[in-house]
Amino acid sequence: MIRSVAGVSDLPTALIGCAAGFAADRTDAGIPIVRTLRERQGPRFLIYETLGERTLALSQIERRRDPARGYNPSLARFVEPILGDCLAGGIKIVGNFGAANPRAAGELLAGMAKRLGFPSARIAVVEGDDLSAALSPDEFAARETGGALLGARPPIIAANVYLGAAPIAEALDRGADIVVTGRVGDPSLALGPLLHTFGWAPDDWRRLACGTLAGHLLECGSQVTGGYFADPGIKDVPGMDTLGYPIAEIDADGGIVITKPEGTGGRVDRRTVTEQLLYEIHDPAAYLTPDVVLGITEVELAEIGPDRVRVTGARGTPRPETLKATVCIDSGLLAEAEISYAGPNAAARARLAIETVRKRMARRAPTLRTRADAIGLMSIHGDTDGTALDASTQTAMDVRVRFAAEAMEREPLELLNLEVEALYCAGPAGGGGVRARITPRLASASCLIERELVHPTVSFVGAER
Amino acid sequence: MNDTVEVPLYRLVHARAGDKGNRLNLAVICYDPACYPALAAQLTAERVAAIFASRRPTKVVRYDLPKLHAFNFVLDDVLEGGVNASLGLDGHGKGLSFLLLGSTVRLDKALASRKLADVVEIAADSRSDAQA
């Protein structure tokens, strides 16, 4: 830890790369980041954000099936290509890829480090986010916000609170080379390393806001460097197949520069950074995190070099009194069935298929609410009641009809899938390519949890440490 | 209205959609800062609610970010329950930014004559300024 250094201006710039912005992100994105970080000096970190809202519940289901699993299924693919270089080069890794089982993920990484010739790598595990045993269904229901899903006391699959940056900083202070977490605030993955590096006070709201802003810009990986951005001929992105994932340079006063590794595709400019700055933001004056309330209304961006954007103006106000938890419950089953029509009059045949199935389902399963999309005519911008599709005069030479319905029991859903398959023979001419499936659904509720009910812990893999 | 022309929004702004539960946010960013006042006048919360009428928003709020030449629209209850509950293909509503971009506004002829390519050039100029 570098907290003993006296003058703030003497402190080096921290470099934080982000190699994943979601569970199924590109698994080789860390390689160019680590190559760049190894050429640089000072405190350097590589973070992975792989935990969407539902991902944790799916991991919890996986853990129940096999107690040795429940971490991100791509964990080894993400870390193996860069672990040796990180350990040799002093680059610390922080990831929420522990999902529902951070300890098992830590043990996997310890084994991997040993195989790569680093048997004494220090691997920290942050726990305490899993509240499923800490609160009763009644207690969760009493704390639900913005809905009433828990009112009927459904069985809880997963209940995890968003921890903040403090336990990550503690793990790094205690010498961790790798910090594995479950649910933490996404920007906390970056703020933790900054607290460790610069020793910012827990109520230094402005600097905490700067670190949180850096984390927010990093947390979706390539979404700040040209991913989720390209619109050919309108806003082009070079090298989509080799997108460089972001690196943030953060100084002790909270100054931020966003950039990316040399020799990679993508772009970092005002436009890519602005899109990510506002991504999933509601009130720009008050972005709530476990660590601080971030305000971005005064943020300014400056292009200070090729693929380099300086970010200034983050505002910070005291952190929320409560922590947010996501509670996932079983929500029955989803049926989806599809069939295609192509060539002349395809749109009319697709519409006839929809009408046919709707009429039959209205008789055979009258309470089942069925959605129909005509992919190629109206689907993504459509609505479940079908008003947008009915109003559309679009035509096309290749249309895929898709039906969807949900229910707690299988029977009406299997009936829908069979009715769609029956279109092979009994439907309009030339229908082909039926695919049908039934998958489990999850629903999630948000709860606000008092901080005194949450007890984050930091421990190290291997008893001797 | 004689001195104005109808311009598709995708020529004037870029946009990104984000979701939280059943709530959608749309970041809308001007290519050319000169268009910001005209868009502020026309792309009201009411107008965006009308564009998304088939998704039945219960509330639309516009937050202005003049330093970024951007707006943030927050639309409540337009994701048909959100990614966990929607029967649609895109429960996140990721593609809904393009529902907005397919809409149009009326612009002053002079302003509208700054074609997209010109605006991109202007942006490139300001970028070299920033580097100097």
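Because the model is predicted, local features need pLDDT of at least 70 and side-chain atom pairs count only at pLDDT 80 or more, while totals for chains, interfaces and linings use all residues. Residues are numbered from 1 along each chain as its sequence is written, chains are lettered from A and ligands numbered from 1 in the order in which they are written, and side-chain values use heavy atoms, with hydrogens and water left out.

**Chain A as a whole**

- Chain A contains 13 helices and 19 strands, where helices (H or I, at least four residues) and strands (E, at least two) are DSSP runs numbered from the N terminus.
- The radius of gyration of chain A is 25 Å, close to the 23 Å that the globule rule gives for 465 residues, so chain A is as compact as a globular protein of that length; the radius is taken over C-alpha atoms, and the rule is 2.2 Å times the number of residues to the power 0.38.
- Along the principal axes, the C-alpha atoms of chain A fill a box of roughly 80 × 55 × 45 Å.
- Of its 465 residues, 57% count as buried, a term that means under 20% relative accessible area, with exposed meaning over 50% and partly exposed in between (1.4 Å probe, protein chains only).
- Among contacts in chain A (heavy atoms within 4.5 Å) between residues at least 6 apart in sequence, 77% join residues at least 24 apart.
- The accessible surface of chain A comes to about 18600 Å², with 52% belonging to carbon and sulfur atoms; such areas come from the Shrake-Rupley method with a 1.4 Å probe, and for residues only the protein chains shown count as cover.

**Helix α6 of chain A**

- In helix α6 (residues 166-173) of chain A, the buried residues are A:Pro167, A:Ile168, A:Ala169, A:Ala171 and A:Leu172.
- These buried residues of α6(A) pack against several elements of chain A, including the strands β2 (44-48), β3 (91-95) and β4 (123-127), as well as α7 (188-198).
- After α6(A) comes A:Gly175, whose phi is positive, near 95°.

- Most residues other than glycine have a negative phi.
- A:Ala99, in the loop between β3 and α4 (102-115) of chain A, has a positive phi near 45°, and with a relative accessible area of 3% this alanine is buried.
- A:Tyr228, in the loop between α8 (205-218) and β8 (247-250) of chain A, has a positive phi near 60°, but this tyrosine is partly exposed, with a relative accessible area of 31%.

**Chain B as a whole**

- Chain B contains 5 helices and 6 strands, which follow the pattern β-β-β-α-α-β-β-α-β-α-α along the sequence.
- Of the 132 residues of chain B, 47% count as buried, and the chain exposes about 5600 Å², of which carbon and sulfur atoms supply 54%.
- Among contacts in chain B between residues at least 6 apart in sequence, 64% join residues at least 24 apart.

**The loop between β5 and α3 of chain B**

- B:Glu80 is found in the loop between β5 (70-76) and α3 (97-101) of chain B and counts as partly exposed, at 22% relative accessibility.
- Leaving aside residues up to four places away in sequence, B:Glu80 touches residues of both chains, among them A:Arg371, A:Asp383, A:Thr384, B:Asn22 and B:Arg55.
- The side chain of B:Glu80 reaches the backbone nitrogen of A:Thr384 at 3.0 Å.
- B:Glu80 and B:Asn22 are 58 residues apart along the chain, and their C-alpha atoms are separated by 6.7 Å.
- B:Leu87 lies in the loop between β5 and α3 of chain B and, at 5% relative accessibility, counts as buried.
- Not counting residues up to four places away in sequence, B:Leu87 touches residues of chain A that include A:Leu334, A:Arg369, A:Arg371, A:Thr384 and A:Arg441.

**B:Gln42 in helix α1**

- B:Gln42 has its place in helix α1 (residues 36-42) of chain B and is partly exposed, with a relative accessible area of 26%.
- Beyond residues up to four places away in sequence, B:Gln42 touches B:Arg47, B:Val105 and B:Arg106.
- A polar atom of the B:Gln42 side chain lies 2.3 Å from the backbone oxygen of B:Arg106.

Terms used:
Polar contact = N/O pair within 3.5 Å; in protein donor to acceptor, adjacent residues only side chain to side chain.
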